[in-house]
Amino acid sequence: MKITGIIAALTLGAAEVSGHYIFQQFGVGSQKFAVYEHIRKNSNQNSPVTSLSDTNLRCNVGGASGASTTVANVKAGDSFTFYLDQAVYHQGPISLYMSKAPGSVKSYDGSGDWFKIYDWGPSFSGGSSSWPMRNSYQYNIPKCIPNGEYLLRIQSLGIHNPGSTPQFYISCAQINVTGGGNTSPSPTVKIPGAFKASDPGYTANIYNNFKSYVIPGPSVFSC
Ligand SMILES: *[C@@H]1O[C@H](CO)[C@@H](O)[C@H](O)[C@H]1NC(C)=O
């Protein structure tokens, strides 16, 4: 009995380690929505996107349309949270992007302009580095952006395996911003296109003489 229990525990442990992670739940303020409520449902389970030219870099595999996904109302300046099924466990930066839909966000494919609103990067101390590998990530909608429907995208770039292809873990929420302003966010980028194989933050070896880091993508927009 005891040995069976240990084997079961080991098997479960192995399954957890080989699995990855998904940003599967969204929240606004203190309200936490159901799994995939307001978040486009991906069809690749918890696998990453690894091609820099793949349109799935926008909103993950299966996330090109949000026809069956609802839209969350969020006031400009409000806090929002992306929750995961389990904590991020691949080292690398976490970034938040937004893109305004030309009309209804439900039918927007993310081919327009994206701007970045936040980055979580490494901290360096006493010759070692640590990454913010959490169960959830919270930030605020910029106060000055125009009202309207947006894709709100979170990305974890796994650079845990230097020399191997980095991994993008992505989800997009569909939001309707109210109470905003008149500022056009900049700089903007296209996805794919925003990340290049030559980006220092894409090729960094986080285990060897790792003392500084430049997060891939455009600079962060703030109001
Ligand atoms: C977005 O918010 C505005 C203002 O409250 C509202 O008129 C509109 O119906 C909302 N759109 C969606 C898709 O919820």
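In the protein, residues 24 or more positions apart account for 78% of the contacts (heavy atoms within 4.5 Å) with a separation of 6 or more. The model is predicted: local features require pLDDT of at least 70 and side-chain atom pairs pLDDT 80 or more, whereas totals for chains, interfaces and linings use all residues. Residues are numbered from 1 along each chain as its sequence is written, and side-chain values use heavy atoms, with hydrogens and water left out.

Two helices and eleven strands make up the secondary structure, where helices (H or I, at least four residues) and strands (E, at least two) are DSSP runs numbered from the N terminus. Their order along the sequence is α-β-β-β-β-β-β-β-β-β-β-β-α. Of the 223 residues, 47% are buried, that is, under 20% relative accessible area with a 1.4 Å probe and protein chains only, exposed being over 50% and partly exposed in between.

The structure contains two disulfides, each defined as a pair of cysteine sulfur atoms within 2.5 Å. The sulfur atoms of C59 and C172 are 2.0 Å apart, and this link is left-handed, with -85° about the S-S bond. C59 lies in the loop between β2 (31–32) and β3 (72–75) and C172 in strand β11 (residues 167–178), so the pair ties together parts 113 residues apart in sequence. Both C59 and C172 are buried.

In the disulfide of C144 and C223, the sulfur atoms are 2.1 Å apart. C144 is in the loop between β9 (136–140) and β10 (148–158), and C223 in the segment after α2 (200–203), 79 residues apart. C144 is buried, at a relative accessible area of 13%, whereas C223 is exposed at 57%.
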